[in-house]
Amino acid sequence: MHELALVEEILKACQQAAASHRMRRVTAVHITVGELAACQDALRFAWEACRGRFPPLEEARLEIQEVPARWACPHCGTQYPEPLPRCPGCSAGHPRLESGLELRMDYLEGDGSP
C-alpha cells in the first residue's frame with residue numbers, strides 16, 4: 001500500500017504550503033491523481049488515518065480529481081483508453097502511455113492568518 005507514503009508526502013507538502021501562506025486552518029486539499037497512479041479509496045483511507053498528525057490539516061477534506069488513463073500510437077497519434085497490442089488506426093505496435101500516472105497537489109482551501 002504505497003498510498004500511505006504518498007499521503008504522508010502530500011500532507012508534508014501541504015503543511016509547508018500552509019505555513020508559507022500563513023494559513024491557520026486548512027479546510028480542503030485538492031489533488032489530481034492519474035487512474036494508474038493510486039487507488040482513490042486507499043488515498044482517502046490513508047488521508048483519514050494521517051491528517052490528524054499534520055496541523056493545521058487535522059480537519060481538511062481531500063478532494064481528488066481523477067485523470068483517466070490514455071494510450072496513443074507513436075506513429076499515427078490515435079488515442080485509446082486501454083493498452084492494446086496494436087493500434088486500432090494503423091496496426092503499429094508499442095503504444096505510448098499519454099496520461100494516467102499523474103499525481104499533483106493543485107491547491108489548498110482554508111483560513112488565513114489571524
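The face of helix α2 turned away from its buried side carries the exposed residues Asp41, Phe45 and Ala49. Here, exposed means over 50% relative accessible area, buried means under 20%, and partly exposed lies in between (1.4 Å probe, protein chains only). The model is predicted: local features need pLDDT of at least 70, side-chain atom pairs count only at pLDDT 80 or more, and totals for chains, interfaces and linings use all residues. Residues are numbered from 1 along each chain as its sequence is written, and side-chain values use heavy atoms, with hydrogens and water left out.

The buried residues of α2 are Ala42, Leu43, Ala46, Trp47 and Cys50. They line one face of the helix, because they fall within an arc of 140° when seen down its axis. The arc is that of the directions from the helix axis to the C-beta atoms. These buried residues pack against α1, β1 and β2. Contact means heavy atoms within 4.5 Å. Glu48 also has its place in α2. Its relative accessible area is 49%, so Glu48 is partly exposed. Glu48 and Cys14 are 34 residues apart in sequence. In space, their C-alpha atoms are 15 Å apart.

The protein as a whole has two helices and six strands. Helices (H or I, at least four residues) and strands (E, at least two) are DSSP runs, numbered from the N terminus. The elements run α-β-α-β-β-β-β-β from the N terminus on. The C-alpha trace spans about 60 × 25 × 15 Å along its principal axes. The radius of gyration of the protein is 18 Å, whereas a compact globule of 114 residues would have a value near 13 Å. This radius is taken over C-alpha atoms, and the globule rule is 2.2 Å times the number of residues to the power 0.38.

Of the 114 residues, 37% count as buried. The accessible surface comes to about 6700 Å². Carbon and sulfur atoms account for 50% of that surface. Areas come from the Shrake-Rupley method with a 1.4 Å probe; for residues, only the protein chains shown count as cover. Contacts between residues at least 6 apart in sequence were also examined: 71% of them join residues at least 24 apart. The protein has 12 positive and 16 negative charges, and their mean positions are 4 Å apart. Lys and Arg count as positive and Asp and Glu as negative, while His and the chain ends are not counted. Each charge is placed at NZ of Lys, CZ of Arg, CG of Asp or CD of Glu.

His30 is found in strand β1. It counts as buried, because its relative accessibility is 14%. Leaving aside neighbours within four places in sequence, His30 is in contact with Glu63, Met105, Asp106, Tyr107 and Glu109.

Some backbone features lie in the loops. Most residues other than glycine have a negative phi, and most peptide bonds are trans. Arg22 is not a glycine, yet it has a positive phi of about 55°. Arg22 lies in the loop between α1 (3–20) and β1 (25–34). With a relative accessible area of 63%, Arg22 is exposed. Ser91 is not a glycine either, and its phi is positive at about 70°. Ser91 is found in the loop between β4 (79–80) and β5 (96–99). A cis peptide bond joins Pro55 and Pro56, with omega about 5°. Pro56 lies in the loop between α2 (40–50) and β2 (61–67).
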